[in-house]
Amino acid sequence: KLKKLIILFKNFVKLIYTFFLKKKIVFFCENEYTFEYLKTIIEKKSKIKKNQILIISKSNIFIKGGNFKSIFISSDFLLEIFFLTLRAKILYTTTPGLEDTFFKRSILCESIKYIYIQHSHIGLIKAYSKNAFKSFNAIQVINSYQYSDALFFRKKYFKKFKIFKSKYQ
């Protein structure tokens, strides 16, 4: 129990620290597996936006080099507080379900653009719930099936997210 309490305290200190960071671009990686799909974008953005990037994750991901700050917070409760108090311009993620889990839109900065990056070739309708993409501002698609599914979600559920095609990272 003491070990869990110490981890929670460390996570709380990290949360307080992130509140005072002034980062323009945030990447949310749940784990090392999904980090691989954001890695190329992180490398490109860190060359342009020196020291303006924060990578937040649920697990301790080893990331070497780069012009960014990387922090992991394992507590879903503290991650939810982080997301609710986030101040940034853009958040990139491979995690669907914005607003359906601990992953929430900020209440302090309503202008943040939330962008979903694909980490799979599968279609969107059968793999995800109908609300998985409702709160994103933009969704990457990498094949015609995903494009059709995204159009379906946007039309059927009256969503306004942008759909952009790009290659698979």
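Leaving aside its neighbours within four places in sequence, which residues is L91 in contact with? I put this to the predicted model and listed V26, F28, F83, L86, F103, I112, K113, Y114 and I115.

**Entry: overall layout.** I looked up the secondary structure next. The protein chain has five helices and seven strands. Reading along the sequence, I noted the pattern α-β-α-β-β-α-β-β-α-β-α-β. The chain has 169 residues, and 43% of them are buried. I then looked at contacts with a separation of 6 or more, and 57% of these join residues 24 or more positions apart. The accessible surface comes to about 9900 Å², with 59% of that belonging to carbon and sulfur atoms.

**Entry: nonpolar cores.** I went back to L91 and asked where it sits. L91 belongs to the largest nonpolar core, which holds 32 residues. Together with I56, F83 and F133, L91 touches the most other members of this core. I checked which elements give two or more residues to it, and found β1 (25-29), β2 (53-57), α3 (76-84), β5, β6 and α5 (144-156). Helix α3 gives the most, with four residues. I also noted a second, separate core of 15 residues, with L38, I41, I61 and I117 among them. As a general remark, nonpolar side chains tend to be buried together in soluble globular proteins.

**Entry: aromatic rings.** I counted 15 aromatic pairs. I took one of them, Y116 and F133, for a closer look. Their ring centres are 5.0 Å apart and the planes stand at 70° to each other, so I logged the pair as edge-to-face, the cut-off being over 60 degrees.

Are Y116 and F133 buried or exposed? Y116 has 0% relative accessibility and therefore counts as buried. F133 has 2% and so counts as buried too.

I then traced the cluster around this pair. F28, F82, F83, F102, F103, Y116, Y128, F133, F136, F152 and F153 form one aromatic cluster. F28, F83 and F103 are among the contacts of L91.

**Entry: charge over a ring.** Last, I looked up Y147. K165 lies over the face of this ring, at 4.6 Å from its centre.

Methods: Residues are numbered from 1 along each chain as its sequence is written. This is a predicted model: local features need pLDDT of at least 70, side-chain atom pairs count only at pLDDT 80 or more; totals for chains, interfaces and linings use all residues. Side-chain values use heavy atoms; hydrogens and water are left out. Rings of Phe, Tyr and Trp (its six-membered ring) pair if their centres lie within 6.5 Å; planes under 30 degrees apart count as stacked, over 60 as edge-to-face and the rest as tilted. Buried means under 20% relative accessible area, exposed over 50%, partly exposed in between (1.4 Å probe, protein chains only). A charge sits over a ring if NZ of Lys or CZ of Arg is within 6 Å of the ring centre and within 35 degrees of the ring normal. A nonpolar core is a set of buried Ala, Val, Leu, Ile, Met, Phe, Trp, Tyr and Cys residues joined through side-chain atoms within 4.5 Å. Contact means heavy atoms within 4.5 Å. Accessible areas come from the Shrake-Rupley method with a 1.4 Å probe; for residues, only the protein chains shown count as cover.
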